[in-house]
Amino acid sequence: SIPDLPNSLIEMKANYCTALDIITDLSEMSNMGKLELKDCRKLKDIPNLENSMDNMGSIHMDGCTSLTDTFKENLQTVWYSLSLCF
């Protein structure tokens with residue numbers, strides 16, 4: 001798990017971390033521009049990620065096969081609404 005991260009974090013990469021299943025709430029990280037979590041096969045959810053997506057330039061979560069349907073739907077909804085604003 002990744003329980004605590006600094007609010008000033010700009011970029012997070014935890015690619016191929018096959019044991020990662022829990023990440024802290026990222027909603028307070030307004031500076032985060034890039035999130036890479038490729039092939040984190042046990043990862044199910046990132047609490048409140050949709051609240052910090054407006055500043056993110058890229059999110060890569062290919063191969064995260066355990067993400068919940070609710071989490072994926074929330075991301076798609078927010079990503080779609082953000083793309084309409086640009």
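User: Which residue does Asp69 meet in a salt bridge?

Analyst: This is a predicted model, where local features need pLDDT of at least 70, side-chain atom pairs count only at pLDDT 80 or more, and totals for chains, interfaces and linings use all residues. Residues are numbered from 1 along each chain as its sequence is written, and side-chain values use heavy atoms, with hydrogens and water left out. A salt bridge here is a side-chain nitrogen of Lys or Arg within 4 Å of a carboxyl oxygen of Asp or Glu. At 3.8 Å, N to O, the partner of Asp69 is Lys72.

User: How many residues apart are Asp69 and Lys72 in helix α1?

Analyst: Helices are DSSP runs of H or I with at least four residues, strands are runs of E with at least two, and both are numbered from the N terminus. Helix α1 covers residues 69–85, and the pair is separated by about one helical turn because the spacing is three residues.

User: Is Asp69 buried or exposed?

Analyst: Buried means under 20% relative accessible area, exposed means over 50%, and partly exposed is in between (1.4 Å probe, protein chains only). Lys72 has 36%, so Lys72 is partly exposed. Asp69 has 52%, so Asp69 counts as exposed.

User: What about the other end of the scale: is Glu36 buried or exposed?

Analyst: Glu36 pairs with Lys34 in a salt bridge at 3.3 Å, N to O. Lys34 is partly exposed at 25%. With 8% relative accessibility, Glu36 is buried.

User: How many salt bridges does a search of the whole structure find?

Analyst: Another one joins Lys13 and Glu11, with the closest N and O atoms 3.5 Å apart. Glu11 is partly exposed, at 40%. For the whole structure, the count is four.

User: Which element gives the largest share of the lining of the largest pocket?

Analyst: A pocket is an open set of points on a 1 Å grid over the protein atoms alone, where a 1.4 Å probe fits, with protein on both sides within 12 Å along at least five of seven lines; lining residues have an atom within 4 Å of a point. The lining includes Lys72, Leu75 and Trp79. The elements giving two or more residues to this lining are β3 (58–60) and α1. The largest share, three residues, comes from α1.

User: Where is Thr24?

Analyst: Thr24 is buried, at 19% relative accessibility. Its contacts (heavy atoms within 4.5 Å) include Ile2, Met29 and Pro47, leaving aside residues up to four places away in sequence. Thr24 sits in the loop between β1 (11–13) and β2 (34–36).
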